[in-house]
Amino acid sequence: MTLVTEVRLRRVLDSRGDPTVEAEVTTESGGFGRAAAPSGASTGEYEAVELPPEEAIAKARERAVPRIEGQVYAGDQRSVDAALRGADGTADFSEIGANAAVAISMAAAKAGADMLGAPLYQHLGGAFRGNEFPTPLGNVVGGGEHAADATDIQEFLAAPVGAPSVADAVFANAAVHGAVADLLDERGIPAAKGDEGAWAPAIDDEEALALVSTAIERVEDEVGFEIRMGLDVAGAELFDGEAYVYSDTTRTPAEQVDYVAELVADYELAYVEDPLDEDDYEGFAELTDRVNDQTIVCGDDLFVTNTDRLRDGIAQGAANAILVKPNQIGTLSDAFDAIEVAREHGYDAVVSHRSGETEDTTIAHLAVATDASFIKTGAVGGERTAKLNELIRIEANA
Ligand code: PGA
Ligand code: ZN
């Protein structure tokens, strides 16, 4: 068995121009892995704690690195992640920072794969991995916390459910992104891009729904397979404690359930993420009951990749899918456990990027390794295409 010999940490840039934590892990036999933590903007209240990168690096060097260097076997991901948990000692990684933890966890996984001479998805998924590939959900129009003076709903997504391959799906999402640009141009509506590369025009949600529907129809005609629409409402960001506050109206929780159920029916939505507040299990359960057979209802801020919160949701019938962001929980082992619990109970897993990203491609491998149904990692933009192109490579080489 080969030991981890070195863990190095540094600050690197993320896609918003903010510093984030990068880790490098080296093994006795010369295996090497490098990974960087992403960062959210519309973060869930119950997420693991991200510390300022400099502080996270100092704390992790002091507490976690000595428990890993020369102490754990490379390739034994459970031991690496247990060492991180042990070094931190809290439930939410508030001592060493979930950003330091997840960077080390992912870098160690890559070092383990490198040592074994296997691609990361193979190392993580093992011999019993299925042959499913995730459908990429492409963010094409967005606002909320990801762009100023744009839509209230955070993300309007293309869901190429009929694509014959991952590559076809990736190109279809980029084509929908391009078709949205054409439609905006035809209508003389200027638009910059939000944090995830989606167009962020100053239009209301209704206009955005119509615009994305038209863009999807245009691309469907070109590619000849089914593309649907999805939404990330990011309900917690709209909820003020009593009601959902939109630019032009306010909806009570009951009205919000009705509204989202209507959107699912009217636009044949394939996917709805965080339709309600992160504490409203009941509302999630009611909506899920109404639309369960029509669409995927996914909990992001609701579950925060946390198996305890997921089990609560399962018990109440809240949602039928979980969004999986390794940095929400701190380690790859925890992310795997969340996917495992979801699968046992018939919930879909949707592996996801954050709005602040780097060129790191770990989530592409995680989605393939776990046979996740979907991956949400944008449609265009270098930090997004890093993952999308990695998926294309994995599919081509699998
Ligand atoms: P975040 O948003 O990365 O800014 O939290 C992504 C999402 O809500 O899915
Ligand atoms: Zn979300």
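Which domains does the shell around ligand 1 draw at least three residues from? Domain 1 (4-117) and domain 2 (135-397), each of them.

Quick ground rules. This is a predicted model, where local features need pLDDT of at least 70, side-chain atom pairs count only at pLDDT 80 or more, and totals for chains, interfaces and linings use all residues. Residues are numbered from 1 along each chain as its sequence is written, chains are lettered from A and ligands numbered from 1 in the order written, and side-chain values use heavy atoms, with hydrogens and water left out.

Domains next. The bounds come from an automatic or database domain assignment. The centres of domain 1 and domain 2, taken over C-alpha atoms, are 27 Å apart. Domain 1 puts 33 residues into the contact, and domain 2 puts in 30 residues. Contact here means heavy atoms within 4.5 Å.

Now the ligand. There are 16 residues around ligand 1, counted when a heavy atom lies within 4 Å. Ala-41, His-146, Arg-354, Ser-355 and Lys-376 come nearest.

Polar contacts, meaning pairs of N or O atoms within 3.5 Å. A polar side-chain atom of His-146 is 2.8 Å from a ligand 1 oxygen. For Asp-232, a side-chain N or O atom lies 3.1 Å from an oxygen atom of ligand 1. Glu-273 likewise has a side-chain N or O atom 3.1 Å from a ligand 1 oxygen. Alone, ligand 1 exposes 280 Å², and the protein buries 100% of that. Those areas use the Shrake-Rupley method with a 1.4 Å probe.

Notes. Polar contact = N/O pair within 3.5 Å; in protein donor to acceptor, adjacent residues only side chain to side chain.
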